[in-house]
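Please keep the sequence and the structure in view while reading.

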Amino acid sequence: MARIPLPTPDEMSADQRRVYDAAVSGPRGQLIGPLRAVIHSPELAARWSSLGEYLRYQTCLPPLLKELAILVTGRRWTSQIEWWVHARAAGEAGLAAAAIEAIRVGKAPQFETRDETVVYEFARQLQQQGEPDVTTYREVEQRWGVRGVVELTALVGYYTMVSMTLNSHEIPLPDGVEPPLKQLGNGLTLLPPALVSRSEKS
């Protein structure tokens, strides 16, 4: 049960309803995540929604890599809704089921491409160390340019905010959905480095 009221569309003020209508008519198509809480501040919710749509749907990174970075973030903060939504999206975008499951249970994933390994490491290091190491940073920059490394950083930061909002207000999963994540038992939910495949070593 959420810690704050989660108004239905019929209970919303005019300002809240404008934000709601804009969100559900956009690429999200529904309102199940942090906007259910943030809508108590309609101006913040409107700006939040716009930023979130850009980062998820319009940055220069391919959908698979964006969803991977979001999964790392959701796992880092044990954010149930974030994981539930984006694990499905990552699979639909082409991320291997074995890699998704490894991240879910806190094991070292092995990816099919170097792009996936680099994005995983960037997101993991940024959240566990406060910054990515210079080698990882430069590899992201080399692959997707300055714009790419800026947008990837913003994506991780935004979904950290999403995770904290979902967790702080205890926004519930849809009825009948079991929490997909367990606490990993290592305090800060630290994720291990990715395994490097033979093709990456060669």
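In this predicted model, Glu139 counts as buried because its relative accessibility is 15%, under the 20% cut-off. Glu139 forms a salt bridge with Arg114, and the closest N and O atoms of the pair are 2.9 Å apart.

**The surroundings of Glu139**

- Arg114, the partner of Glu139, counts as partly exposed, with a relative accessibility of 32%.
- A network of salt bridges links Glu139 and Arg114 with Asp115 and Arg143.
- The count of salt bridges in the model comes to 12.

**Salt bridges within a helix**

- Helix α7 holds both Arg124 and Glu121, which are three residues apart, about one turn of the helix.
- The side chains of Arg124 and Glu121 meet in a salt bridge, with 2.7 Å from N to O.
- Arg124 counts as buried at 10% relative accessibility, and Glu121 counts as buried at 11%.
- In helix α6 (residues 97–105), Arg104 and Glu101 are separated by about one helical turn because they are three residues apart.
- The side chains of Arg104 and Glu101 also meet in a salt bridge, at 2.8 Å from N to O.
- Arg104 is partly exposed, with a relative accessible area of 26%, and Glu101 is partly exposed as well, with 36%.
- An α-helix has 3.6 residues a turn, so residues three or four places apart point the same way.

**The two sides of helix α1**

- Which residues of helix α1 (residues 14–24) are buried? They are Gln16, Val19, Tyr20 and Ala23.
- Seen down the axis of α1, these buried residues fall within an arc of 100°, so they line one face of the helix.
- The buried residues of α1 pack against α2 (35–38) and α3 (42–57).
- The exposed residues Ala14 and Arg18 are carried on the face of α1 that is turned away from its buried side.

**A residue in a loop**

- Val177 is found in the loop between α8 (134–168) and α9 (198–201).
- Val177 has a relative accessible area of 23% and is therefore partly exposed, since this value lies between the cut-offs of 20% and 50%.
- From C-alpha to C-alpha, Val177 and Gly74 are 17 Å apart in space, while 103 residues separate them in sequence.

Technical notes:
Residues numbered from 1 in each chain as written. Predicted model: local features only at pLDDT ≥ 70, side-chain atom pairs only at ≥ 80, totals over all residues. Heavy atoms only, no water. Helix = DSSP H or I, 4+ residues; strand = E, 2+ residues; numbered from the N terminus. Buried < 20%, exposed > 50% of the residue type's maximum accessible area, 1.4 Å probe, protein only. Arc of directions from axis to C-beta. Contact = heavy atoms within 4.5 Å. Salt bridge = Lys/Arg side-chain N within 4 Å of Asp/Glu carboxyl O.
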